[in-house]
Amino acid sequence: MSLPRKLAFTLLVFLLIAKVVGVVLRGPSPLVLDAAGYWELGGLVAEGDWLMMQRPIAYRTPAYPWLIGLFRAVFDNPLPALVCFQSLLWIATIGLIAALAAELSRRRQAAWIVVILAIPMLSSVVYVATVLTETLFVFSLVLHLWSVARLTRRPSVWGGLFVGLTLGLAILTRPVAMLVWIADLIYVITCWYWIPTRSASVICRRRGWISVALAGIVTVGCVSPWLARNQALFGKAMLTEFVGRNIWIVTFQDGSGAGLDLPESAAAAQLKSQLGDQAWEQLSADGRWRETWTVSKALAASGMDDPSGDRLMKAVAADAIAASPLAFGKKTLRRWVNFWRTRATELPDQVADLESGREGSREKLSADLFARQTVWGVKVAPVATALRHRWSNSLAGNTFLMFVTIASTMLLVWRRPTRAAGLWLAAITGYFCTVTAVLEIPAYRYRLVVEPIVLLAIASAMAPFLFPNADINAANLNDAAPEELTEPA
């Protein structure tokens, strides 16, 4: 790039970083609910209990507690250090998306589009100040996608190892990533066989499939300790048992849920019997049996272990769905659409929000909501204004973004050079959207996961139209295959 272009790009990156700094200055979010649970698990890890055997729960995976435990063990003030680290992860995620967009569109100028479009992204940045899995999971997912694109272009043993490690990290952060490999295979097969580039025609596919097999072995190796932990605690090798609590919500909750009645089935009778007549009457009196965690905690209080309770809830919900499949299907389709359109009406509070109109010192605030961690909070006027007018809180804006995402993905599939990438991104976004629609009530924090992929799809689709005369030979990163990857003579 020429010097003026370098300066302009540097300015854009500076604005991107300044936005993140502005959000971080507003302070961390309270350690309550899920955040409090993760903080407690991180404390166990910091004490040396890496597999959290002291907490026999089956609804968490260990990667994020490991991260918290590491910071709690190393730093005197772990919360500020964790927030700063998560800020770096968010910026690194955008950097990886820029690199991927340049590779998939075969135009280095796509990085400009990514950075420009990422500057207004604000809602997801708030989660860097929150002790939740969002930031780590999105980074690990995008890092995995980058590693798959690199492996597809240049298969190697180290590439396969890295793909396996990144997928293992994503799965151990959130189990929903366990089927992402299907989308990866679609991309690999499309690139190597259906729509091969000049580099793909000389790739040693035997070495490529060895790398893919190695990636699978490494992924299994990464998750095996957690499978062994659950086998030891619960008698079953599993990542998590949480589907029952998820599907209970979408089956019995009103509104976005199907609002079904409790079925007359053996599983339902077992649930009532396990809870006892008195407990069930109390839950039925005010309809609290429709609340997932109320039922889950009641089963735990009755003496049922965590995974067994979840499996029983799943069986009851499955019986209710089998009795009214059409009603459940209609609401599932509605949630599929609302995955994209749901407004981010509420974001995690930060110290700058909590101090407004609150009596007491910051030390009291730290003791009440932050486990006595060091807290800070500065009201940054431009950030506060931008948060009030955030795009994600607009139904019309979210709907428009949904159609732009669909159009961009279709353009990628339509153009032969980007068809493999389009199918890959469509499979990934479709997977997360469908799983969320089936198991969750729509909320912004679930759509946050695919925001970088949406950004990648839009930037990759726009680049060929905005830069039609780009130097393809210089920018086409797929056309340079090293000689050591060719088939032997």
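Which residue just after helix 18 takes a positive phi?

Modeller: Happy to! Please keep in mind that this is a predicted model. The residue you are after is Ala 371, which sits just after helix 18 and has a positive phi of about 50 degrees. As background, most residues other than glycine have a negative phi.

Let's step back into the helix itself. Helix 18 covers residues 362-369, and its buried residues are Leu 365, Ser 366 and Leu 369. Looking down the axis of helix 18, these buried residues fall within an arc of 100 degrees, so they line one face of the helix. Part of what covers them is helix 17 (351-354).

Leu 33 has a phi near 55 degrees, although Leu 33 is not a glycine. Its place is the loop between helix 1 (3-25) and helix 2 (34-46). Because its relative accessibility is 77%, Leu 33 counts as exposed. Met 52, also not a glycine, has a positive phi of about 50 degrees. This residue belongs to the loop between helix 2 and helix 3 (63-74). With a relative accessibility of 2%, Met 52 counts as buried.

Now for the packing. Helix 4 (residues 78-105) and helix 5 (residues 110-118) have axes that come within 8 Å and cross at roughly 145 degrees. The crossing of helix 4 with helix 5 is right-handed. On the helix 4 side, the residues in contact are Trp 90, Ile 94, Ile 97, Ala 98, Ala 101, Ala 102 and Ser 105, and they meet Ala 110, Ala 111, Val 114 and Ala 118 of helix 5. By type, this contact has 10 nonpolar residues, one polar and no charged.

The largest nonpolar core has 114 residues, and Val 131, Trp 424 and Phe 432 have the most contacts inside it. Helix 4 gives the most to this core, with 13 residues. Leaving aside residues up to four places away in sequence, Phe 432 touches Phe 137, Leu 141, Val 176, Val 180, Phe 339, Val 449 and Val 450. Another core, of 26 residues, lies apart from the largest one, and its members include Ala 258, Ala 267, Met 304 and Phe 328.

Terms used: Residues numbered from 1 in each chain as written. Predicted model: local features only at pLDDT ≥ 70, side-chain atom pairs only at ≥ 80, totals over all residues. Heavy atoms only, no water. Buried < 20%, exposed > 50% of the residue type's maximum accessible area, 1.4 Å probe, protein only. Helix = DSSP H or I, 4+ residues; strand = E, 2+ residues; numbered from the N terminus. Arc of directions from axis to C-beta. Contact = heavy atoms within 4.5 Å. Axes fitted to C-alpha atoms, helices over the stretch in contact; angles between N-to-C directions. Left-handed = near helix turned anticlockwise from the far one by under 90°. Nonpolar A, V, L, I, M, F, W, Y, C, P; charged D, E, K, R; others polar. Core = buried A, V, L, I, M, F, W, Y, C linked by side-chain atoms within 4.5 Å.
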